[in-house]
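User: I would like to learn how to read helix packing and pockets in a model. Can we work through an example?

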Amino acid sequence: MDVTEQERRFNRRVNFYLMNRIWKYIHGKKGKEISFLYEQIGLTDNLFSKIIRDVDYSTKKLDQKWGKYTSIMGDGLEDYMKGYQLIPVDGITKEDWEKYLEARYAEQNGTPLEQTERNKIMGELNDKLKAVINGLSGETNQPIDLLYYFCKYERAKAIQRPPYYRLEELENILSGLSFSQWESAPDNLFERVFPMLKKQYELAATIKNYHLLKNEDR
């Protein structure tokens, strides 16, 4: 996916914060400590904190490390936990998250806000987030429900995918490809990929023609 490093860091920051909040909401003060979550996903509490605060961590090393643990959380969350996408939360926009994080870590960033305004921004988002989490069940395949399920049962949810899901994945991949990426590909990779694309195009064209003929007979 065509996402800048800055966007990935922001998405990851929000998604990990959301995971933190869901875990604490489910397990409460007398439940399992947040350290159990860190153990589940193979991260230290220090690194988890750095991700949320967006300070002093190597995204390359995190990607290498996280690659070993994405399967633990199951299908459907990998792109989100790697920062390629922001987990959608009803009623909370990207701009809301930006304002919240700015307010929460204002002193760390050297841009302190007036305390009343800071509390207002943080309180409004926390109220929205609490209401959303309170309504989660873990029963759907929406990213936030998959995250809720993982935090509640400490295992990935088995997703029943439609038979065409690989086509949706292909759509996402192809939409992010550019001329420069094709141009920079080594010859051996191009020679392997091109026949595959040609074959899939022929399959798609056959199916399209079949549907056209089928509709004409109706």
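**Helix packing and a pocket**

Analyst: Start with one contact. F10, R13, V14 and Y17 in helix 1 meet K94, W97, E98, Y100, L101 and R104 in helix 7. Keep in mind that this is a predicted model.

User: What is the class make-up of the contact of helix 1 with helix 7?

Analyst: Sort the residues by class. This contact has six nonpolar and four charged residues, and no polar ones.

User: At what angle do the axes of helix 1 and helix 7 cross?

Analyst: Read the angle and the distance together. The axes cross at roughly 80 degrees and come within 11 Å. Angles of 65 to 115 degrees count as roughly perpendicular. Helix 1 and helix 7 are therefore roughly perpendicular to each other.

User: How do helix 1 and helix 3 pack?

Analyst: Helix 1 spans residues 5-27 and helix 3 spans residues 45-53. Their axes lie 7 Å apart, at an angle of about 125 degrees. That makes helix 1 oblique to helix 3. Handedness comes next. The crossing of helix 1 past helix 3 is left-handed.

User: Which residues of helix 1 and helix 3 make the contact?

Analyst: Helix 1 contributes R12, R13, F16, Y17, M19 and N20. From helix 3 come F48, I51, I52 and R53. By class, the contact of helix 1 with helix 3 has six nonpolar residues, one polar and three charged.

User: Where do the axes of helix 1 and helix 4 stand in distance and angle?

Analyst: Helix 4 covers residues 59-66. Its axis and that of helix 1 come within 12 Å and cross at roughly 55 degrees. Helix 1 and helix 4 are therefore oblique to each other. Helix 1 passes helix 4 in a left-handed crossing.

User: Which residues of helix 1 and helix 4 make this contact?

Analyst: On helix 1, they are E5, R8, R9, R12 and F16. On helix 4, they are T59, L62, D63 and W66. The contact of helix 1 with helix 4 divides into three nonpolar, one polar and five charged residues.

User: Now pockets. What volume has the second largest pocket?

Analyst: First, the idea. Rolling a probe the size of a water molecule over the atoms shows where empty space is left. Here, the second largest pocket has a volume of about 510 Å³. It is lined by 16 residues, and L167, L170, L174, L197 and Q200 are the closest to its centre.

User: Which elements give two or more residues to the lining of the second largest pocket?

Analyst: They are helix 10 (165-175) and helix 12 (187-216). Helix 12 gives the most, with eight residues.

User: How do the lining residues of the second largest pocket divide by class?

Analyst: The lining has 13 nonpolar residues, one polar and two charged.

Methods:
Residues numbered from 1 in each chain as written. Predicted model: local features only at pLDDT ≥ 70, side-chain atom pairs only at ≥ 80, totals over all residues. Heavy atoms only, no water. Axes fitted to C-alpha atoms, helices over the stretch in contact; angles between N-to-C directions. Helix = DSSP H or I, 4+ residues; strand = E, 2+ residues; numbered from the N terminus. Parallel < 35°, antiparallel > 145°, perpendicular 65-115°, else oblique. Left-handed = near helix turned anticlockwise from the far one by under 90°. Contact = heavy atoms within 4.5 Å. Nonpolar A, V, L, I, M, F, W, Y, C, P; charged D, E, K, R; others polar. 1 Å grid on protein atoms, 1.4 Å probe; cavity = no way out; pocket = protein on both sides within 12 Å on 5 of 7 lines; lining within 4 Å. Points joined across faces, edges and corners; volume = space filled by probe spheres on them.
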